[in-house]
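Reader: I would like to know what lies behind the labels used for this structure. Please take the terms one at a time.

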Amino acid sequence: MPAPKAIATVILLSLLAAAVPAKAQTPLPTEGIQIGLSTDNVSITAGFSGADLTIFGSLENPDPLVARQGRYDVIVVLEGPPRTVVVRRKDRVLGVWVNLDSATFENVPMSYSVATTRPLQDITEPNSYKQLSLGASNLYMQPADVGDSPATIEEFTAALRERKSATGLFSENVGGVQFLSQNLFRATVRLAPNVPVGTHKARAFLFKSGLFIKESSAQLEIRKSGFEQSIFRVAHDYSFLYGVFAISLAMITGWLGRLIFRKD
Amino acid sequence: MGIYLPIAEISVNVFVLLAMGAAVGFLSGMFGVGGGFLITPLLIFYNIPPAIAVATGANQVIASSFSGVLSHMKRGTLDFKLGGVLLAGGIVGSTGGIYVFAFLRRLGQLDLFISLLYVVLLGTVGGLMLVESVNALRATRSGAAPVLKKSGQHNWIHRLPLKMRFRASKLFVSVIPVLGLGAGIGFLSSIMGVGGGFIMVPALIYLLKVPTNVVIGTSLFQIIFTSAYTTLVHATTNQTVDVVLAFLLMAGGVAGAQYGAKAGQRLRGEQLRALLALLVLAVAIRLAIDLFVTPPNLYSLSGVGLN
């Protein structure tokens, strides 16, 4: 009488199948993260000497126990527009310092500011940073010429990171992300005085006990405003007229200067 | 008082730039040179990127040259025909220079090339001028009459074909060296941001035997156009002309030039030349030192298609 047994097994299996997702859902749905920007564009004036940008965000469905133990970590990144960058190294030729070797990297973010809840090494292990291409020192730099030797690429990648950090374009703000409540956090990222204009991308990464859970992103337009920026735009968009203007300005100044200060 | 330069994209002090312009203007008025060869290195010492220093230097030169040409036109010490032929060569040289400039910039060798050109040219011209003026000073002290080259003396240049008559300069000479000189100056103008007066003036006097009184006016006349052309081409191809920077330099420069011209009248010719020679050599030495001193950063970044 094999038939009833078979039916029983099928019923048991279907019960189990129904039970598995139900069991997973019972504690809490999966966590998520959201960030919000109060504005989608920031105008900086000519005298801009750097500023802090505050980004608010929230965790969705946090586990109260994990939150109480402080095992949620958030990393917020503000990435500048990508560009192709040439890194050059000077070497001595007959005593003179000359740019000799170079390496080209594609899609390098012009700026990269990080804010974290804790020091990066305490949040998760180096490998997951590499996989996520997260953090100024883990960001993947894509060489344009794959023929370069790995040692060369490594050397120039390090130099690129070092130069970007030295000019303040790559920065890290440990403790820049603070939880205001169990699910609300505030991130403070630094805008360098020389922050590039263009479309920036704000990204937030959520970690739970050292494991990457989720990412969310938002866009931010950084513009320069004011008189100097108009000049810059005209110089690039109407370069011929700008040149004619520069020449006329010089001639008028020369003529006026002679009228005002003439000594002969 | 700080001001942000829109093209150079750095903040600078207004008074430093005005003073820089005035000091160079004073010297240029005193010595009768455009001053571009001093402005561009000074801007580089002041951390303005060399590409912008060169293009803006060319723009600034227009103002001082234009101011100078106005007074020479009034005195009639300007050979328009000679200036025109020099100019034709200048446009060709300048165009070539712009291409070389953009090419070197892509290679990452522009800064080095500008510095090397400055060191070589300023070193040579300064050295020659110093020797010449010290000899002249010694000669006057020992009481001997200065030896002048006879104006009727002819050299190989006067045996070239395609002769042309330049009435105001009382000259009958082949157009080949005139065009060549113009082209050479045009080339330097676009790469070094100079008017080229410091080469043009001795070349016109010693090579072409142009009478000294029309030399400065004619040289300034051609420099206006060469540097205007250079400014325009730099503005359209490289977007490296900073009008705010140029204006500050010009404003200081035109004021300084008029006072410099007056001060120059009180000094004797050979003393003036010796002083100018020392100044030129000092700039050359300073630039040369920078080539050999280990730079603080061996690595540099540059964007592609960007400054």
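Author: What follows is a set of questions about those labels, each answered from its definition. This is a predicted model, in which local features need pLDDT of at least 70, side-chain atom pairs count only at pLDDT 80 or more, and totals for chains, interfaces and linings use all residues. Residues are numbered from 1 along each chain as its sequence is written, and chains are lettered from A and ligands numbered from 1 in the order in which they are written.

Reader: What makes Ala282(B) exposed?

Author: A residue is buried if 20 or more other C-beta atoms lie within 10 Å of its own, exposed if 12 or fewer, and partly exposed in between, with C-beta atoms placed from the backbone. Ala282(B) has 12 other C-beta atoms within 10 Å, so it is exposed. This residue is found in helix α10 of chain B. Its C-alpha atom and that of Val201(B), 81 residues apart along the chain, are separated by 21 Å.

Reader: Why is strand β4 of chain A called largely enclosed?

Author: Strands (E, at least two residues) and helices (H or I, at least four) are DSSP runs, numbered from the N terminus. Strand β4 of chain A covers residues 72-79, and seven of its eight residues are buried, so the rest of the structure largely encloses it. In chain A as a whole, buried residues make up 28% of the 264 residues.

Reader: How do you know that β4(A) pairs with β12(A) and with β7(A)?

Author: Two strands pair if DSSP finds at least two bridges between them. Eight bridges join β4(A) to β12 (residues 198-208), and these strands run antiparallel. Five bridges join β4(A) to β7(A), also antiparallel. Both counts meet the requirement of at least two bridges. Leu78(A) has Ala202(A) as its bridge partner in β12(A) and stands opposite Ser113(A) in β7(A).

Reader: What makes the pairing in the six-stranded sheet of chain A mixed, and which strands are its edges?

Author: The open sheet has the order β2-β13-β12-β4-β7-β9, with mixed pairing. β2 (41-44) and β9 (170-174) stand at the edges, because each has a single partner strand, and one side of each is left without a neighbour in the sheet. From one strand to the next the twist averages 20° (axes are lines fitted to C-alpha atoms, for helices over the stretch in contact, and angles run from 0 to 180 degrees between N-to-C directions). Thr116(A) stands opposite Val174(A) in β9(A).

Reader: What counts as a nonpolar core here, and which residues have the most contacts inside the largest one?

Author: A nonpolar core is a set of buried Ala, Val, Leu, Ile, Met, Phe, Trp, Tyr and Cys residues joined through C-beta atoms within 7 Å. The largest has 102 residues, and Ile224(B) and Ala246(B) have the most contacts inside it. α8(B) gives the most to this core, with 13 residues. A second, separate core of 42 residues includes Val74(A), Val77(A), Leu134(A) and Ala202(A).

Reader: How do you know that chains A and B touch?

Author: Two residues are in contact if their C-beta atoms, placed from the backbone, lie within 7 Å. By that rule, 45 residues of chain B are in contact with 44 residues of chain A. The largest share of the chain B side, twelve residues, comes from α9(B). That side divides into 30 nonpolar, 14 polar and one charged (Ala, Val, Leu, Ile, Met, Phe, Trp, Tyr, Cys and Pro count as nonpolar, Asp, Glu, Lys and Arg as charged, and the others, Gly among them, as polar).
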